[in-house]
Every structure is written in C-alpha cells, then in structure tokens.
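Some terms used for protein structures rest on a cut-off. The questions below ask how such terms apply here.

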Amino acid sequence: MAKLDANLILKQIADGNFFPVYWIYGPETYKIRELTDRLKRAVSANGAGAGLFGGPSQFNGNENHAGTIIDEAQSMSLGGGVKFLVVRDADHLKNAEDIRVLFGEAKPLSELNCVCVFISQGLDQRKKFTKELVSNAAVIQCEEVREEERENWTSYLAKQMGVSLDNESLTQLATLDPWSLELIENEIKKYSLNPDIAVLGLGDGSAGAENVYLEALFERNAARGLGFARSVSSDPAVHLPLLGLLSWNARHLALVIAESTSGSRTVKINPYVAQKLSRWKSKWSLEDAVELQHALHDIDFATKQTPKLALGLWSELMTRFSL
C-alpha cells in the first residue's frame with residue numbers, strides 16, 4: 001500500500017470503511033487536526049459508547065511504550081462500540097515497530113475493536129519499519145500548502161468560519177510570511193471578532209495603531225488589540241513613545257481608582273482624559289492597575305536590555321490583561 005491521499009481517506013470514511021491504524025505526519029498541523037477530528041466524529045457516530053467506560057484515549061509518544069497502546073487497543077470496551085485512540089509525537093514512541101500487531105486492511109467498523117491514529121512531525125524513510133508501516137497502514141502526509149494554492153485555501157477557511165473577505169485581503173493573506181493554515185485560521189478568527197483590515201496582520205494600517213492598541217488595552221479587549229500588536233511592536237519610533245503614554249495612563253488610572261475608593265479628589269486632569277479614565281476604571285481593580293504599571297516597566301527593560309521579540313512582548317501584554 002502506498003501513502004494515501006487525505007481525500008481518499010475521507011471517501012473511505014463516507015463509505016463506512018476504516019483502517020485499524022492511521023499514521024498522519026507533516027508540518028501542516030491544521031490538516032492533521034481536521035483529519036483526526038473527521039475520523040473521530042465518524043467513529044463516534046458509527047460506534048458510539050466506546051469511550052464511556054474505557055481507559056485513556058490520548059497518549060504521548062514521548063511518555064509511552066508501544067505496549068501500552070497495544071494493550072489499550074486490544075482490550076474490550078466496557079461501553080461497547082469502537083475505541084478511538086490518538087498517539088501524538090508518535091515518532092518518539094518507544095518500540096514503535098511493535099504496533100505492527102494492530103495493522104490490517106480497511107474494514108467496516110463492525111469488524112473493528114479500535115481505530116488508532118498516530119501523529120508525528122516526520123517519517124524517517126530510512127527505517128525498515130517505515131516501509132512496513134506504509135505497506136500495512138493508512139499513512140497520510142500533510143504537506144505544506146503550495147504557494148499557488150494558498151489563496152484557495154484562505155478562501156476555504158474564511159467560508160468555513162462564515163467570514164467574507166474581499167479579493168485584496170485574500171491576496172495579501174496568501175502572501176504572508178511565514179505562512180501556514182493554522183496561522184491564517186488565527187488571522188481570520190481575529191478578523192471575525194473585529195472586521196478591520198488592520199487586524200489581518202497585513203503590515204499596513206499602522207497609522208493610529210498605537211491609539212487603537214491603547215484603547216483596547218484599557219478596555220481589556222484582547223480580540224481588538226491583538227491585531228495591532230504587530231504594527232506597534234515593529235517600529236521603535238512607535239512603541240517607545242507608546243510605552244510612556246501607557247505608563248502615564250496606567251498611573252493615573254490607579255490614582256482615579258484609589259480616589260473613588262477613598263472618596264477624596266486630588267488628581268487634576270483635563271475633562272476628556274478624566275472621561276476616558278472614568279470609563280476604564282469600572283473594568284479595573286487597583287491591584288490590576290498597579291500590576292499593569294509593573295508589566296510596562298518590564299517591557300521597557302526587555303525592549304532595551306534583552307533580545308526578546310517585541311511582538312511577543314506586546315501580544316503577551318494585551319492577552320495578560322484581557323478580561
């Protein structure tokens with residue numbers, strides 16, 4: 001048996017035929033996740049009940065011996081039905097060649113006790129066991145999407161999530177670097193929460209990005225702010241002044257919260273700023289506002305004194321203080 005195409009596997013699923021062993025590998029984690037989910041749903045729909053009283057269904061190859069997987073796969077399910085086991089990092093599974101006892105041809109679920117899905121990053125073609133695996137199990141490679149197919153895949157993901165993207169957005173998303181289906185899925189998710197072109201990580205839209213980021217941070221709205229983290233973090237001329245502005249607002253927010261608690265009034269600021277701070281304070285405790293000041297100090301130090309990536313720092317800040 002040669003390596004199989006995912007579409008052939010889906011057709012077999014539709015026909016009600018399943019291999020006892022699937023080995024899925026490659027760099028496209030989105031494809032791996034989707035195919036595994038499709039298999040799981042199909043097995044559950046046709047052989048429900050196996051997971052109710054059985055043993056574990058998720059394993060990690062770094063922590064388990066093949067014997068453990070075999071024992072679980074061959075044991076009877078007290079709940080009835082067909083077991084569905086997933087083994088991640090399968091290329092690190094100890095004595096992986098022992099799983100040959102589970103090999104077999106595609107059959108109706110009624111003739112199977114268990115369906116096992118082994119997931120690995122790669123497949124060592126030099127090993128003798130690999131040839132045996134390819135010949136006796138369903139081996140599926142989830143390759144990176146070719147450049148000429150990126151736009152179609154982007155359109156497909158958007159449609160799956162019920163998001164409408166114009167042609168320009170599709171084209172620009174297809175040219176992002178680095179590129180993966182998982183990354184594009186995340187970009188479209190952000191866009192679905194805030195339909196703004198700048199959210200798509202397209203590199204432009206930095207004009208006013210610092211203001212949107214500031215508002216989103218104090219509104220504790222990560223869904224909106226994360227899309228602008230790339231813009232503000234990529235240019236020191238933007239994020240260094242923004243750090244000062246954020247620190248000023250955080251300090252005065254803490255003072256306004258403290259005032260409202262004590263009943264005193266000592267902070268003198270213009271009415272526009274006072275209105276914003278008053279709107280924000282309902283979403284912050286004094287402890288959180290003080291913690292934000294410390295976090296901003298840490299970012300200032302990390303930006304100037306350590307090699308940490310700016311995008312990670314600014315994204316973490318937004319998510320850390322989201323509600």
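Terms and the values behind them

Q: Why are α13 and α14 called roughly antiparallel to each other?
A: In this predicted model, the axes of helix α13 (residues 286–305) and helix α14 (residues 310–320) cross at roughly 170 degrees. Angles over 145 degrees count as roughly antiparallel, and α13 and α14 are therefore described that way.

Q: What makes the contact between α13 and α14?
A: Contact means heavy atoms within 4.5 Å. From α13 the residues are Glu291, Leu292, Ala295, Leu296, Ile299, Ala302 and Thr303, and from α14 they are Leu313, Trp314, Leu317 and Arg320. By class, this contact has eight nonpolar, one polar and two charged residues. The helix axes themselves come within 11 Å.

Q: Why is β6 said to be largely enclosed by the rest of the structure?
A: A residue is buried if its relative accessible area is under 20%. Seven of the seven residues of β6 are buried, so the strand counts as largely enclosed. For the protein, 42% of the 323 residues count as buried.

Q: Which residues of β6 point one way, and which the other way?
A: Cys114, Cys116, Phe118 and Ser120 point one way, while Val115, Val117 and Ile119 point the other way. In a regular strand the side chains alternate between the two faces of the sheet.

Q: How do you know that β6 pairs with β2 and with β4?
A: Two strands pair if there are at least two bridges between them. Five bridges join strand β2 (residues 21–25) to β6, and β4 and β6 are also paired over five bridges. Both pairings are parallel. Within β6, Cys116 is the bridge partner of Val21, and Phe118 is the bridge partner of Val87.

Q: What makes β3 and β7 edge strands?
A: Each of them, β3 (58–60) and β7 (138–141), pairs on one side only. The five strands form an open sheet in the order β3-β4-β6-β2-β7, with parallel pairing, and the twist averages 20 degrees from one strand to the next. The pairing of β3 is with strand β4 (residues 83–88), over three bridges. There, Phe59 stands opposite Val87 in β4.

Q: How does helix α3 run relative to β4?
A: Helix α3 (residues 66–74) lies across β3, β4 and β6, and the angle to β4 is about 165 degrees. Over 145 degrees counts as roughly antiparallel, so α3 and β4 fall under that term.

Notes:
Residues are numbered from 1 along each chain as its sequence is written. This is a predicted model: local features need pLDDT of at least 70, side-chain atom pairs count only at pLDDT 80 or more; totals for chains, interfaces and linings use all residues. Side-chain values use heavy atoms; hydrogens and water are left out. Axes are lines fitted to C-alpha atoms, for helices over the stretch in contact, and angles run from 0 to 180 degrees between N-to-C directions. Helices (H or I, at least four residues) and strands (E, at least two) are DSSP runs, numbered from the N terminus. Angles under 35 degrees count as roughly parallel, over 145 as roughly antiparallel, 65 to 115 as roughly perpendicular and the rest as oblique. Ala, Val, Leu, Ile, Met, Phe, Trp, Tyr, Cys and Pro count as nonpolar, Asp, Glu, Lys and Arg as charged, and the others, Gly among them, as polar. Buried means under 20% relative accessible area, exposed over 50%, partly exposed in between (1.4 Å probe, protein chains only).
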